[in-house]
Amino acid sequence: MSNGAGTIGARRPALAGAALVIAAGLIAGGCSSSSSSPGSLAGPVWVCQPGQAADPCARNLAATTVTAGGTLKPATWPHSAVASKFACFYVHPTDSLAKTANTGLAPTGLDIYVAGEQAAPLSQVCDVWAPSYRSQTWSTVAKFLAGDTAVLRPTFTVAYDSVLPAWRWFLAHTGGKPIILIGDSQGSAILIHLISAQLDHEPSVLRRLLVAILVGGNLQVPAGKTVGATFTKVPECTAATQTGCAIAFSSYPSQPPGDSQFGRPGQGVSLQSGQTAKAGQQVACVNPAALAGGTGDLDPYLLTATQTTRFPIDSGRLTEPVSTPWVTYPGLYSATCQHGGGATWLQVTSLAGTSHIRPVVNDDKEGPLGGTGPAWGYHGYEYWLTLGNLFHDVAGEEAAWESRH
């Protein structure tokens, strides 16, 4: 569907960090919202690709750890020693406020900012390829949420069809490298449809799939099973050394309400990728902090600019003098997959309560930049709340791949 807010800093429903992207990207970062094309319009258009000049996915990743007591120390991203042997195909979430139904193909300043925020860290585990595509705009998403279901399919088809040429080019120009698919929100919906329509029927490509990371996309599986509804060949990941599987989840602080956009099959974001079935199905939940199941601590990495007093939040703000672009808060949250009341979700729980040293998220409070509400849960935060865990997972899967090939 779309993304709520970019991180803890600012929250607005259904935008891939739109409030954050506009505030942090355009104001703090000085990024322009006018069209800017890192890639060539003659073929697939890339926001990021290996070797590209001024690649937004090659940004500074220096990070600081803020402990529960406010102590600061340098942080190291989880990373893989064999990252260059793997290729990531990243599809960005909704980030456009344009009044058109779909965006153009040339990357905008917002696309470039989001790539730096979401895709740049992926360089710790792979070579990063991020195509520009004709994504559905917030205007389209808002119409759908208001009840105009007729607008959904044609605009999604435009978005999906604009990704396919880049996907085919990526397959042909990555030298047979193992593939990691990463999407958030609308990006996940695109990849869910891509896997269902393409990879499930292409054994040679499936053999290259290391893992598909599908955040906030509502991937559906048969109740109590790991594969068989939307995907026929790509199961949920259930072990740290498993490959060819999917890590998919949507996060909430408690059981999603009946009108939730995520966590319930056949409604909300499920409809974006054509998943209409409800009976006998559930939304996939793989805990990135504990692939085999159970509870694990989250390892969040966030842009420092989104945590400061310039971007006030409901539950507190970072007051420590962090000078690096990124900040991480170990031991602030735990997560576990839960099922109840017809919903399946990643339960995110604060381990430290409200903190004025380390900000915590909240799903139901209105702030100066808007709110999301219980129907959206932690959709606007979950990518960054789990980023360190996802990298740890991918690094383990890459090591397992290397040992088998």
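In this predicted model, the axes of helix α4 (residues 152-172) and helix α5 (residues 186-197) come within 10 Å and cross at roughly 65°. Helices here are DSSP runs of H or I with at least four residues, strands are E runs of at least two, and both are numbered from the N terminus. An axis is a line fitted to C-alpha atoms, for helices over the stretch in contact, and angles run from 0 to 180 degrees between N-to-C directions.

Where the helices meet, F156, A159, Y160, V163, L164 and W167 of α4 touch Q186, A189, I190, H193, L194 and A197 of α5, with contact taken as heavy atoms within 4.5 Å. These residues divide into 10 nonpolar, two polar and no charged. Nonpolar here means Ala, Val, Leu, Ile, Met, Phe, Trp, Tyr, Cys and Pro; charged means Asp, Glu, Lys and Arg; the others, Gly among them, are polar.

On a 1 Å grid over the protein atoms alone, a cavity is a set of points where a 1.4 Å probe fits but cannot get out, a pocket is an open set with protein on both sides within 12 Å along at least five of seven lines, and lining residues have an atom within 4 Å of a point. Two cavities of 30 Å³ or more are found.

The largest pocket is lined by 14 residues, with C285, L291, A292, G293 and C337 nearest its centre.

Residues are numbered from 1 along each chain as its sequence is written. Local features need pLDDT of at least 70, side-chain atom pairs count only at pLDDT 80 or more, totals for chains, interfaces and linings use all residues, and side-chain values use heavy atoms, leaving out hydrogens and water.

Conventions:
Grid points are joined across faces, edges and corners, and a volume is the space filled by probe spheres set on the points.
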